[in-house]
Amino acid sequence: MAKKYVETERIKLKSGHFIPVLGLGTCAPLQGEDEIIEAVKAAVRAGYRHIDCAAIYRNERAVGHALKELFVMGVVKREDLFITSKLWNTCHKPDLVLPSLKKTLDDLGLEYVDLYLMHWPMAYQEGGVLNPVDENGKAISSDVDYLDTWQALEDCRDMGKTLDIGLSNFNSQQIERVLQSARIPPVVLQIEVNCHNTNTKLIEFAKEKGLVVVAFAPLGTPSHKLDHIKLIDEPLLKELGEKHGKTPAQIAIRFLIQQGLATVPKSVTQNRIEENTKVFDFKLSEEEMTQLNGLNKNFRGYSEKIAVDHIYYPFNVEF
């Protein structure tokens, strides 16, 4: 039953395409290629049809290897999958955007991606280093305006290299600025959302502007980044899990899906990957949703702190 739901529950984008509400996040830099390959294969076999990738994750070749195996074995067809990737900060110069996307396509073994996002609004110094920093550990910026980068993304969509384009980690003012100048408006905003960082105002803003929100880090952030209780260890999630016969992780994911968001939990463990699909056969009450909202700490686990002085750093405004 879970497989049926995962394959069919999707959200319509402004472009007319549909994004599956549940995707596999592949941001697992500490894992080897074999783990990523097995995770992608396990996810697709469990019913996932959305795989969330990015150049900075440095594992798109491994994802591509898994996809090729799945296609050859007839487990799934390319047109049944929704593949997202993201442009990294060192490739914001307009003449670097298409080559960067082509590299991603080559690594993934695909002719197109379904969605290509600008990973951050900040441009970093171009060159071989992915996170160029000065002697103080601060990001070395490039003076590229993300509006110029956006025009290059529009060209990529015109060429059919990506079916849709969108933004990631942009604030409301930056999104508005893109919308004011865009020839092709973004259809998706990917941001960090979970019970510890509900991001309510930005979600409401994005929805008003016709953007579908994709929540990353739905299960919170790694414990070494925390000075408070891990999201999954919150007593409320355990309590609601026992009430609904679900795990704390399933409650956390359901909290997002019930708000009309798509989400991309990451895991390389087969049983967790399968467990994360079982979120469509129960519903949280309005009271339970309010309780979960009450866990908000405005805690941002992924803040790209090396770029805090960048002119386009997104987290210096309220939302």
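## Salt bridges

A salt bridge is a side-chain nitrogen of Lys or Arg within 4 Å of a carboxyl oxygen of Asp or Glu. The structure discussed here is a predicted model, in which local features need pLDDT of at least 70 and side-chain atom pairs count only at pLDDT 80 or more, while totals for chains, interfaces and linings use all residues. Residues are numbered from 1 along each chain as its sequence is written, and side-chain values use heavy atoms, with hydrogens and water left out.

A search of the whole structure finds 14 salt bridges. One of them joins the side chains of lysine 201 and glutamate 318, at 2.4 Å from N to O. This pair links distant parts of the chain, 117 residues apart: lysine 201 belongs to helix α7 (residues 200–208), and glutamate 318 to the segment after α11. Helices (H or I, at least four residues) and strands (E, at least two) are DSSP runs, numbered from the N terminus. Lysine 201 is partly exposed, at 44% relative accessibility, whereas glutamate 318 is exposed, at 61%. In these terms, buried means under 20% relative accessible area, exposed over 50%, and partly exposed in between (1.4 Å probe, protein chains only).

## Further charged pairs

Lysine 138 and aspartate 309 also meet in a salt bridge through their side chains, at 3.5 Å from N to O. They are 171 residues apart, with lysine 138 in the loop between β6 (113–118) and α5 (146–158) and aspartate 309 in the segment after α11. Lysine 138 is partly exposed at 31% relative accessibility, and aspartate 309 is exposed at 62%.

Arginine 183 forms a salt bridge with aspartate 158, and their closest N and O atoms are 2.7 Å apart. Because arginine 183 lies in the loop between α6 (172–181) and β8 (188–192) and aspartate 158 in helix α5, the pair ties together parts that are 25 residues apart in sequence.

## Aromatic pairs

Rings of Phe, Tyr and Trp (its six-membered ring) pair if their centres lie within 6.5 Å; planes under 30 degrees apart count as stacked, over 60 as edge-to-face and the rest as tilted. By this rule the count comes to 7 aromatic pairs. Tryptophan 88 and tyrosine 124 have ring centres 6.1 Å apart and planes at 85°, so the pair is edge-to-face. Tryptophan 88 is buried, at 5% relative accessibility, and tyrosine 124 is buried, at 0%.

Tryptophan 120 and phenylalanine 315 form another edge-to-face pair, 5.9 Å from centre to centre with 75° between the planes. Tryptophan 120 lies in the loop between β6 and α5 and phenylalanine 315 in the segment after α11, so the pair ties together parts that are 195 residues apart in sequence. Trp120 and Phe315 form one aromatic cluster with Tyr313.

Which residues of helix α8 (residues 235–244) are buried? They are Leu236, Leu237, Leu240 and Gly241.

The buried residues of α8 pack against α9 (248–257) and α11 (286–293), where contact means heavy atoms within 4.5 Å. Glycine 245, which follows α8, has a positive phi near 70°.
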